[in-house]
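Visitor: I would like to go through this model with you. Could you take my questions one at a time?

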Amino acid sequence: MTMPLTIDQYAGLNHHLDRYTVNAPWIPAGETRRLTAYNILAAYANGTAWQLTPNLDQLREYGEPALLIEQTVSAVMGDSQEIQSPNEDVQAALRDWATHDNFLLTLLEAERKTATLGDAVYLIEAGETRPHVSVIDPGFYFPVYDDDSRAQYPTKVHLGWEYTDQDGKAWIKRTTYELKPVQPYSVPWGDKPATVECFVTEAKWRG
């Protein structure tokens, strides 16, 4: 029997992916390859990839993946980062927000995840006085596309993960963000009325 060969951004890990597939009933079937790749890439970054190869306990990877990751991040970030805008008032407001939100540290965290796993996810939430940006592990990210076109920006996204409570019981937590059309309304940051809003729902169940 001939096994199909999958060519995608994780194809370089095909010799591991079929053997160490992530298996959880709540994970969509189409996402298992991506999540398995994250686990394998993390093993390489942490220097434990030798454990993926059976009966070769003495095998070690050549080089230092963590050093390569830091060098890649440094090259991408450069010597300094600045927020620039042709509107001086907007630029001043954004720089003030970035300082108070420690955005440069968030950016550094996202670039480090990107260099390690090939993906990073930003989560932007409205705070009491200003928005807050955080980095989410891409393994928690499950986009829902309206069709098979794989649009760049899905209108519905699930963030899902497993956790254990104080009693040792396993739970699955899901937060869903969905853009839905609404009656047009004016917004302070634009001249055109907004026609969509983001609705957030949460759920959890026993694992």
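Visitor: Which element supplies the largest share of the lining of the largest pocket?

Guide: That share, four residues, comes from β1. Strands (E, at least two residues) and helices (H or I, at least four) are DSSP runs numbered from the N terminus. A pocket, on a 1 Å grid over the protein atoms alone, is an open set of points where a 1.4 Å probe fits, with protein on both sides within 12 Å along at least five of seven lines; lining residues have an atom within 4 Å of a point.

Visitor: Before we go on, what kind of model is this?

Guide: It is a predicted model, in which local features need pLDDT of at least 70 and side-chain atom pairs count only at pLDDT 80 or more, while totals for chains, interfaces and linings use all residues. Residues are numbered from 1 along each chain as its sequence is written, and side-chain values use heavy atoms, with hydrogens and water left out.

Visitor: Back to the largest pocket: how much space lies in it?

Guide: The largest pocket holds about 930 Å³, where a volume is the space filled by probe spheres set on the grid points, joined across faces, edges and corners. It is lined by 28 residues, and the closest to its centre are Val121, Tyr141, Pro143, Pro154 and Val157. Two or more lining residues come from each of α2 (32-45), β1 (121-126), β3 (141-144), β4 (156-164) and β5 (170-185).

Visitor: How do the residues of that lining divide by class?

Guide: The lining of the largest pocket has 18 nonpolar, four polar and six charged residues. Here Ala, Val, Leu, Ile, Met, Phe, Trp, Tyr, Cys and Pro count as nonpolar, Asp, Glu, Lys and Arg as charged, and the others, Gly among them, as polar.

Visitor: And the second largest pocket, which residues lie nearest its centre?

Guide: Those are Ile27, Leu35, Asn39, Gly139 and Phe140, out of 15 lining residues. The elements that give two or more residues to this lining are α2 and β4. The second largest pocket has about 260 Å³ of space, and its lining consists of ten nonpolar, three polar and two charged residues.

Visitor: Let us step back. What pattern does the protein follow along the sequence?

Guide: The order is α-α-α-α-α-β-β-β-β-β-β, that is, five helices and six strands. The C-alpha trace spans about 65 × 45 × 45 Å along its principal axes.

Visitor: What share of the residues counts as buried?

Guide: Of 207 residues, 27% are buried, meaning under 20% relative accessible area, whereas exposed means over 50% and partly exposed lies in between (1.4 Å probe, protein chains only). The protein exposes about 14,900 Å², of which carbon and sulfur atoms supply 53%.

Visitor: Now some single residues. Where is threonine 116, and what does it touch?

Guide: Threonine 116 is in helix α5 (residues 103-117). Not counting residues up to four places away in sequence, threonine 116 touches Leu41, Ala45 and Ile69, with contact taken as heavy atoms within 4.5 Å. The side chain of threonine 116 also reaches the backbone oxygen of arginine 112 at 2.8 Å.

Visitor: Is asparagine 14 buried or exposed?

Guide: Asparagine 14 is buried, because its relative accessible area is 17%. The residue belongs to helix α1 (residues 14-17). Leaving aside neighbours within four places in sequence, asparagine 14 is in contact with Leu5, Thr6 and Arg33.

Note on methods:
A polar contact is a pair of N or O atoms within 3.5 Å; within protein, one must be able to donate a hydrogen and the other to accept it, and residues adjacent in sequence count only if both atoms are side-chain atoms. Accessible areas come from the Shrake-Rupley method with a 1.4 Å probe; for residues, only the protein chains shown count as cover.
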